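I opened the structure today and kept short notes. Here is what I looked up, in order.

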Amino acid sequence: ATTDSINVAQVARNVRQGRGLKTDVIYPLHAAIGRPDAGRHDIAVGPLYPLALGMFFKGRGADDGAVALFNGILLFITAAFLYGVVKLAYDKSIAVWTILAYFVSMKAISQALGAGGATIGALGVTAALYFALMAVSNAEREPAATGGDDRPSVIVRVKAFLATPWPWAVLAALTIGLSYLTGMVGWLAIAGLVWLASRHGPHTRRNFAIIALIAIIVTAPWLARNLKHFGWPVPPLSRYSLVMLTAQFPGNSLMWQTSGAPASPELWALTNPGEMVRKFGVGLTNLYGVVPEVINRYLFPFLLAGVFVLAKDRRQRLLWGMVWFVLLAQVLTVAIYDRDGDPLGVVTPVALGLAMATLIGLMRTHLTVRRAFVGTAIAAGEPVQAHARPAGDAGAGAARGHGRDRHPVAGLMVRRPARHPAARHPGEAGRAGAGGSADRLHLPLARAARGAGHARPRDLGAHARDRPGHRGVATHAL
C-alpha cells in the first residue's frame, strides 16, 4: 500500500504540472508490452484518484498535508452517502449509529491514511449503491402530483422529475463508470452494480443495456488511451497480473523483464489451467483471514447473520444481496489477479452499515440479546477477578457466613446471609457439624423445597417471603 501511495503521488504531481497521467517510474515491462509512442504513460494505477489528487495539488500544493486533507474530504463524502444508503434501507437512528461507527473504524481510517486509492473506490461503490437505491425507491412510490396547475413552477417540475427513477439511475450509471476508473473495482462487481441500478422498472433488460452503455461511455477515454499505447483496452498491469504469482512468473518478476512476457496473458492462462488453479487456490487461502477484516472480526458475524434475519423488504434484500455479491466478486478477482486485499475495502462502508443494522435490530427486538451482552461482559470479568482474589478470601467469606449456594430444586444460585448459630434448627446444626449443607439455605425455603419439590422457583420464593423474618432470597434467573 505504501508503494501504491508513492506511485499515485508522483503521477498526481505530473498531472499538476500539466503532463497528464505520466509516470517517472519506468518498469522494464514498459519496453516489453508498450508501443513506441507509449512513452511514460503509467501502467500501474487507475486514472481517477491521481487525476483528482493532481487537481487538488494545483490549489493546495503538493505535500503530505494536502494528501491527508484530500483523503479526509473523501472520507466525509463517503460518510454522507453511507448515511443516505442506510437511511433508505432502514431508518435515521441506525444511519446515525453507522456513521459514528464508520468514523472510528480502523479499516476506514487506515484506507484514508494509506492514500492508495481504496478510499475513492469505497466512495464510488457507496455512491453507486445510494443512487441505485434511490431509483428503486422512487419506482415504488406514486407519481408526484403537480398540484393540478396547468403551468407548474420550475421548482415543482424539478421535484416531480427527481421523484422519478431515471435521474437517479443515470447518476448511478455515471458513478459506476467512475468506480471502475478508480482501479479498485473489478468488472464482475461493476456488472453487479449495473444490474442493481436496472431494477427500478419492469423493463430490466432495457434498463441494464442503457445503464451499461452510460458506464462504458464514462470509461471510454481511458479504454481508448490503453488501446492506443498498449494495444489493449484493459490497463496493462491489471492484464498481466493474471499470469503473475505463478511458477513460470513468480512474484512480480514479470514487471522486471524486458522480454519473455506472453503476448496474450489470457491465452497463457487458458493453456496453463493447472498453474491458474494452483494460483487461485493459494489466493483464496490467503484471503480467508482477510475477508473478516473488511469491517472487523467483531462485527463481521453480524454481517453474516443479517442475511437471514434482517432483509425484510425489497430495498433491504437488494442492498444485502448486492453488498455480498460485490464482496465475493472482489474476492474472486483478487484471488485470480492479485493477492493484495486492498480492493476488498470498497465495500467497507456499506458492509459496516449492514452489520450495525443487524446489531441494532437484534437489540431492539430481542431482549435476550441485551442480557447476553451483559452476561458476556460479566463472564469476561470473572477470570480477572478470580486471578486477582487472594487465596484466603474463600475461608474468610465462610467465617463471615456469606457465600453463594445452589438451590436444591431449581438449580439456581442463592445468597445466604449471616445468621446466628442459635437461630438454626437443632437438626440442622447437627447436620452442619457432620459436613452437611442444609444450613446454607433459609430454613423456610428448605422446608418449602422438601414439601413442594414440583413447585416453580418463583412460587418457592413467594412462600419464603411470607414467613416471618425473611430477608429475601433471589430465586429468579438473570
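**Entry 1: the model.** I noted at the start that this is a predicted model.

**Entry 2: a surface patch.** I looked for nonpolar side chains on the surface. I found a patch formed by Leu188, Leu284, Phe325, Leu332, Ile336 and Tyr337. Together they have about 460 Å² of accessible area. Which helix gives the most to the nonpolar patch? I traced that to helix H16, residues 314–337, with four residues.

**Entry 3: Phe325.** I picked one member of the patch, Phe325. I located Phe325 in helix H16. Its relative accessibility is 35%. Buried means under 20% and exposed over 50%, so Phe325 counts as partly exposed.

**Entry 4: a partner for H16.** I stayed with H16 and turned to helix H7, residues 118–140. The axes of the two helices come within 10 Å. They cross at roughly 155°. Angles over 145 degrees count as roughly antiparallel. I therefore wrote down H7 and H16 as roughly antiparallel to each other. I also checked the hand: H7 passes H16 in a right-handed crossing.

**Entry 5: Leu354.** I moved on to helix H17, residues 348–365, where Leu354 is found. Is Leu354 buried or exposed? I read 2% relative accessibility for Leu354, so I marked this residue as buried. I then compared its place in sequence and in space with that of Gln316. Leu354 and Gln316 are 38 residues apart in sequence. In space, their C-alpha atoms are 9.4 Å apart.

Conventions:
Residues are numbered from 1 along each chain as its sequence is written. This is a predicted model: local features need pLDDT of at least 70, side-chain atom pairs count only at pLDDT 80 or more; totals for chains, interfaces and linings use all residues. Side-chain values use heavy atoms; hydrogens and water are left out. Patches are made of residues with over 30% relative accessible area and no salt bridge: like charges are joined within 9 Å, nonpolar side chains (Val, Leu, Ile, Met, Phe, Trp, Tyr) within 5 Å. Accessible areas come from the Shrake-Rupley method with a 1.4 Å probe; for residues, only the protein chains shown count as cover. A salt bridge is a side-chain nitrogen of Lys or Arg within 4 Å of a carboxyl oxygen of Asp or Glu. Buried means under 20% relative accessible area, exposed over 50%, partly exposed in between (1.4 Å probe, protein chains only). Axes are lines fitted to C-alpha atoms, for helices over the stretch in contact, and angles run from 0 to 180 degrees between N-to-C directions. Angles under 35 degrees count as roughly parallel, over 145 as roughly antiparallel, 65 to 115 as roughly perpendicular and the rest as oblique. A crossing is left-handed if the near helix is turned anticlockwise from the far one by less than a right angle, and right-handed if clockwise.
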